Amino acid sequence: MLSVKQCRITHSEWQIVLPDIQVEPSELLVVTGPSGVGKSTFLHWLLGETVSHVDITGSILVDGKSVETKTIEKRRIGMLMQEIHLFPHLDVIQNICFALPKTQELRKKQARVERARKLLSEIGLSHLEDRYPQQLSGGEKARIGLIRALANQPKVMLLDEPFAALDPNTRNKVSQWAIKTLDNQQIPTIMISHDLEDIPASAQRLEFSHYYTGEKA
Amino acid sequence: MSAASYQRKLSFLLIVLALFFCTIQHASAKLDESADKWQNTLSVARGQTVFFYAWGGSKPINDYLRWASRQILTEYGVRLKHVKVADISEAVSRLKAEDGKKSAIDLVWINGENFAFLKQHQLLLGNLWEYIPNTRLLATDVLPLDADFGVKMDGFEVPWGVGQFNFIVSKAMASATSVTAESLLNLAKTHPQQLSYPRPPEFHGSTFLKQLLVELSNQDERLFKPATNKSKAELLPKFWAYLDKLHPFLWQQGEAFPSSSSEQMLLFQQRQLLLTVSFNPNQLHRDIAANAIPADSSLMYFEQGSITNSHNLAIPKGAPSKEGAKIVINFLLSERAQKRKLEGEWGDPSVISELQNTDSSLPSQQELHSSWQQVIEDAWQQRYGA
Amino acid sequence: MATTIRRLIIGLGWLLLAMIISLPVIGVLIGIWPGRFASVDALIDNLPLFLNYNGLGPSILYSMLASLVAPLVGFYVAFSVYTQYRFRPSWQTMERRLAPFLSLPHLAVALGLVYLFSAGGLIELGLGRKSITTLILAITVKEVPFFLFVISAIDRQIPVKKWLLQGRALGYSESASWWLLVFPLVLKQSKLALFAAMAYTLSVLDVSLLVGPNIPSVFSVLVYQWQTGFSERDLSFAFWANLTLIIMLGVSIFCLYIHQWISIRLFRYLAVMASPLVMLSKLSRLALAWFPLFSALSLGIILLFLLRSVGFWSGETYSLTLWQEEWLFVQQPLFNSLYTGLASGLIGIICALIALELQRQYRYFFADYIWLAAILLPQLSVVYGWQLAHTWINGSYSLIWVLVSHIPFVFAYSYLVLKGPFQSLGDEFELVARSFGYSYWQGWWRIRFMLLRPAILSAFAIGFSVSIAQYIPTLMIGAGRFPSITTEAVAIASGRDLNLTSLYMLLQSGLPMLIFIVAILFASRIDGKSHAIS
């Protein structure tokens, strides 16, 4: 479960004061709004990156525990960006292995590779396992990107228009698949989107422009 | 004869005798003392390492020093290390930086203005001639070995070898072994674009100019004294007039000169030039033997005599292995070492009396006073340098 | 606690960098003064004489001309060659063939050119024996492979292929797309390499003496003459000449900035005007001739030296005598060079990475000339200053100090090769890694470092060869206790024995050649894996 409280995005010329947000496991929050109002920055802030251009304050709770003071690597929040950023020097299996957590059962290399293969075969992309990212199509990249992010078993997932660059047909398929997968895994998710057609009715929505004030409060 | 006068005579004789014996004893004590000192040097030197800064551009010289260091190690237990430099000014620059304090250099191969500078700034160890036994072998009676380019050695350096300015010329031009300013000009005219000399202030180039100046002013004695405005005004015009005539016939019409004697040699080998310069009268034969130049090349020198100078060895004041360095100098002056230097690959003329023969040396011409070198180089730059 | 340690480490990093870049500055400040050998009065009295020195003006002009023309022509030629060969199968072969040429000393290339093409050479092309044209040509020819190497390190970090595809999709020829889309970025990122080549040309001595004009000489020759002179006048002239040299460097840097500004604006203008760049494309095609010419030339030079070293021209038969005789004596210098090169190459890389990483975290990149101080300042003065300081503190003549004297130069070259690739790699990959639970440094090592491996290898190879090439620092700080293959080779080359000179130049090129080949092979293996199809 993710909750964000008293969040305030301050720019030199404007301000957004967000209502308190709560995203339950298997719940999806879709963030919409015109470009340039800091949607993407908001996700990066949640992730734990130091943001520039704007100032963001507020408290973030993952499973009821505050994470604001934690570094990115301690928050256990996953994110998929517009560019998928598969590591170009690693092949598909290695990319997934990279994200697998270091648990007791995944200590050995053999176990990690097997787990990665299993994840890949579940989405029917086994044939891509020794390809390098440069050799993948956009749809393949996006799906492997999500598998990789999920392999890490994040407590929250952030999607920053990861499928925007795909052609409409693929985009629909991939994003429906992604939402279903996230739902199955019971991961609270925030997604930025411009395209509202394929969003399930159950999703919460947050329109940034509703909370926009031209002047600082 | 009275007893008194006899007694007086006897006591006089005794005094004389006593004085005589005293002197003898004193003299032998002095000999013993210096022998003792040398014995002491030998024992202190054992185990020392001598870093010898010397130009490293010649294989025969490098090989000679490799041979010398083997000999010195077995005979004296002193390690000789040749530090090869491209230009000895690199050693002088280090001595300048050290300024007389503990030095990285134990022995250095120098002459000319390098020596003058180091001596002037008291960066060298003195009294070398006194300490080093083999300096007695030096042919001081035949060779001008007391001064280095007009600067008295005063025991701050020891001669090692002799240089005599000469040309190595191709067969195409070899009309005679000696040359005058006039015949050189004629050669330049008959072989246009094929003669040149290293660009002053390069050592060989400046010496070439000095040879011309000496000849064109009929060895005027003012050249061997510090240059004055009057002597410059009187002696130089003829010299410049000559060069003005010569330059248009030189390689590249005198619009470029070889940068060094090595480069001139390269051009000679490439047959771009018919003549190259050297300070070693035996160079010709060594080069022919090494197939570096055509076998029919020959030697040529200035008729009024080759400018002759010595190249020398000196020990920096701050050298840590002074004793070892003295041992090395002593060895290098030994007949064996000098002989190998003369007769081996290097072929450098000897400085010791035993090995003076006229065959390998050219008629010599005294060096000009060092002030003239600066005068010529500056004025040359002003007239032809740009 | 953790932040204290982190701050301490960062502080130490900055301190290290401050030391490396202040070394050349301190060196020049100490070294430029003639000390007790010429008084301040003498300096001032000699200024008018210096300014009236016959040929000073033309000399400065020659040097400025060479220092701008050689690097820029070299760079444009290299880029043209790159556009023609990048996507040909022969590129990898060619990249490998860069190695020998990169490792040949400039003097060897100049000597080779003279031997092959000047009057009296094997093939007479009427190349002037001593002229500014020949000097510029010799340096340009040697800089082209250097720039190709640098450009290829930059290329690995930008999606050239995609950009070209975009360009061609919009109807431009491939060649025009290279110039309009790729060139401006490559030019910007090659700025430091241009600076380095410019500074090198301005100060190069051996090549200038051999093929440069000498009525009047280029400026570096004058500086050297004065600096190694002894009279008060010479030393005063040397002081003013060194100041002039620094000013000339400043002016040249300024000119290179101006060139970059104009060039980038020009191509932007051409892009806006949708110019098809027909002429330039045709000219670029000429660059296709470069590969065969260059291969022939490098082969020619190496063959020439090989034949020389076995006495081919000096006897009835050739023999290995020279090799056998010298081999005993070159082993130690070769090993000394190898150790110094490996150690300083490694340290140079580490320091360059520290410099880039600290600036990235600080979110501010300092002006380039600060990092390149060692390359830009007059080396003879810098090292003379070090020698003075080294004497004052009674430093030993050991590997450590020789390393210290190499590192500023090696660092500067590593930095200039690495900066472009490092900067063009964004933060996103590491961000993703951190979201998977990896710490900042884990992400840095496993992602940033791994992605930069080809560039790091290139930088190491360049750094290594820079260390091998150091003559003045090795001799002046090592004081002959630490003979390297270069101190030996340079001393030998000052003589007239071409056979021996050839042998030493081959040996001197051997070590860098080895490292370049290894670097290029590894880099193309890493590339080959991730670019398998693209």
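## Helices H8 and H12 of chain C

In this predicted model, the axes of helix H8 (residues 174-189) of chain C and helix H12 (residues 232-272) of chain C come within 9 Å and cross at roughly 165°, where axes are lines fitted to C-alpha atoms, for helices over the stretch in contact, and angles run from 0 to 180 degrees between N-to-C directions. H8(C) and H12(C) are therefore roughly antiparallel to each other, given that angles under 35 degrees count as roughly parallel, over 145 as roughly antiparallel, 65 to 115 as roughly perpendicular and the rest as oblique. Helices (H or I, at least four residues) and strands (E, at least two) are DSSP runs, numbered from the N terminus.

The crossing of H8(C) and H12(C) is left-handed; a crossing is called left-handed if the near helix is turned anticlockwise from the far one by less than a right angle, and right-handed if clockwise. On the side of H8(C), the contact is made by C:Trp179, C:Leu180, C:Phe183, C:Pro184, C:Leu187 and C:Lys188, and on the side of H12(C) by C:Gln260, C:Ser263, C:Ile264, C:Phe267, C:Leu270 and C:Ala271, two residues being in contact if their C-beta atoms, placed from the backbone, lie within 7 Å. Sorted by class, this contact of H8(C) with H12(C) has nine nonpolar residues, two polar and one charged, where Ala, Val, Leu, Ile, Met, Phe, Trp, Tyr, Cys and Pro count as nonpolar, Asp, Glu, Lys and Arg as charged, and the others, Gly among them, as polar.

## Helices H5 and H6 of chain C

Helix H5 (residues 106-117) of chain C packs against helix H6 (residues 132-155) of chain C at an angle of about 125°, with their axes 9 Å apart. That angle makes H5(C) oblique to H6(C), and the crossing of H5(C) and H6(C) is right-handed.

From H5(C), C:His106, C:Val109, C:Ala110 and C:Leu113 meet C:Ala138, C:Ile139, C:Val141 and C:Lys142 in H6(C). The contact of H5(C) with H6(C) comprises six nonpolar residues, one polar and one charged.

## Contacts between chains

Among the two pairs of chains that touch, the most contacts are between chains B and C. This contact takes 37 residues from chain C and 44 residues from chain B. On the side of chain C that touches chain B, helix H10 (206-211), helix H18 (379-392), helix H22 (472-478) and helix H23 (485-493) of chain C each supply at least two residues, and the largest share, five residues, comes from H23(C). The residues of this side of chain C divide into 19 nonpolar, 14 polar and four charged.

Between chains A and C, 20 residues of chain A are in contact with 19 residues of chain C. The elements that give two or more residues to the side of chain A that touches chain C are helix H2 (72-75), strand S7 (77-80) and helix H3 (92-99) of chain A, with the largest share, three residues, coming from S7(A). By class, this side of chain A has eleven nonpolar, six polar and three charged residues. Chain A and chain B, by contrast, do not touch, and their nearest C-alpha atoms are 48 Å apart.

## Chain A

The secondary structure of chain A comes to six helices and eleven strands, and the C-alpha atoms of chain A fill a box of roughly 55 × 40 × 30 Å along the principal axes. With 217 residues, a compact globule would have a radius of gyration near 17 Å, and the 18 Å of chain A agrees with this; the radius is taken over C-alpha atoms, and the globule rule is 2.2 Å times the number of residues to the power 0.38. Of the 217 residues of chain A, 37% count as buried, a residue being buried if 20 or more other C-beta atoms lie within 10 Å of its own, exposed if 12 or fewer, and partly exposed in between, with C-beta atoms placed from the backbone. Residues 24 or more positions apart account for 70% of the contacts in chain A with a separation of 6 or more.

A:Gln186 is found in the loop between helix H6 (168-184) and strand S9 (189-192) of chain A, and with 10 C-beta neighbours inside 10 Å it counts as exposed. Not counting residues up to four places away in sequence, A:Gln186 touches A:Pro25 and A:Ser26.

## Chain B

Chain B has 13 helices and twelve strands, and the C-alpha atoms of chain B fill a box of roughly 95 × 55 × 40 Å along the principal axes. Of the 386 residues of chain B, 49% count as buried, and residues 24 or more positions apart account for 80% of the contacts in chain B with a separation of 6 or more.

## Basis of the model

Residues are numbered from 1 along each chain as its sequence is written, while chains are lettered from A and ligands numbered from 1 in the order in which they are written. In this predicted model, local features need pLDDT of at least 70 and side-chain atom pairs count only at pLDDT 80 or more, whereas totals for chains, interfaces and linings use all residues.
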